[in-house]
Amino acid sequence: MAFRRSNKLPQAAAIKQILKRCSSLGRRQQPADVPKGHFAVYVGESRSRFIVPISYLTYPEFQSLLRQAEEEFGFDHDMGLTIPCEEVVFRSLTSMLR
């Protein structure tokens, strides 16, 4: 009988690493307009700023966006966490996660 290892812990650890590498999280305090339990992301060509709850990190759809952000932009820049999708798509996704 083979045992399947849960991949939840490694996935959660990977998400934490992604967030720590982001210049707006982990290295500096959050701006005053970001409530506790939330973080800011920048979306779309115009880099619109959104404040999202940390609970979104548990959703595979949001985790996929973070992985895409890491691949496309990396996290070694001053802009903060930039999500590589259109603003309308991001709004649609986040409305489904609520």
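Predicted model: local features only at pLDDT ≥ 70, side-chain atom pairs only at ≥ 80, totals over all residues.
Biologist: What percentage of the residues is buried?
Modeller: Buried residues make up 37% of the 98 in the chain.
Biologist: Switching to the fold. How many helices and strands are there?
Modeller: Three helices and three strands. Along the sequence the pattern reads α-β-β-α-β-α.
Biologist: And contacts? What share comes from residues 24 or more positions apart?
Modeller: They account for 50%, counting contacts in the chain with a separation of 6 or more.
Biologist: Now the rings. How many aromatic pairs turn up in the whole structure?
Modeller: The search finds five. One of them joins Phe-50 and Phe-90. Their centres are 5.0 Å apart, with 50° between the planes. That pair is tilted.
Biologist: Why does that pair tie together parts that are apart in sequence?
Modeller: Phe-50 sits in strand β2, residues 48-53, and Phe-90 in helix α3, residues 87-97, so the pair links parts 40 residues apart in sequence.
Biologist: Are Phe-50 and Phe-90 buried or exposed?
Modeller: Both are buried.
Biologist: Which residues do the ring pairs link into a cluster?
Modeller: Phe-39, Phe-50, Tyr-56, Tyr-59, Phe-62 and Phe-90.

Technical notes. Residues numbered from 1 in each chain as written. Heavy atoms only, no water. Helix = DSSP H or I, 4+ residues; strand = E, 2+ residues; numbered from the N terminus. Buried < 20%, exposed > 50% of the residue type's maximum accessible area, 1.4 Å probe, protein only. Contact = heavy atoms within 4.5 Å. Phe/Tyr/Trp six-rings, centres within 6.5 Å; stacked < 30°, edge-to-face > 60°.
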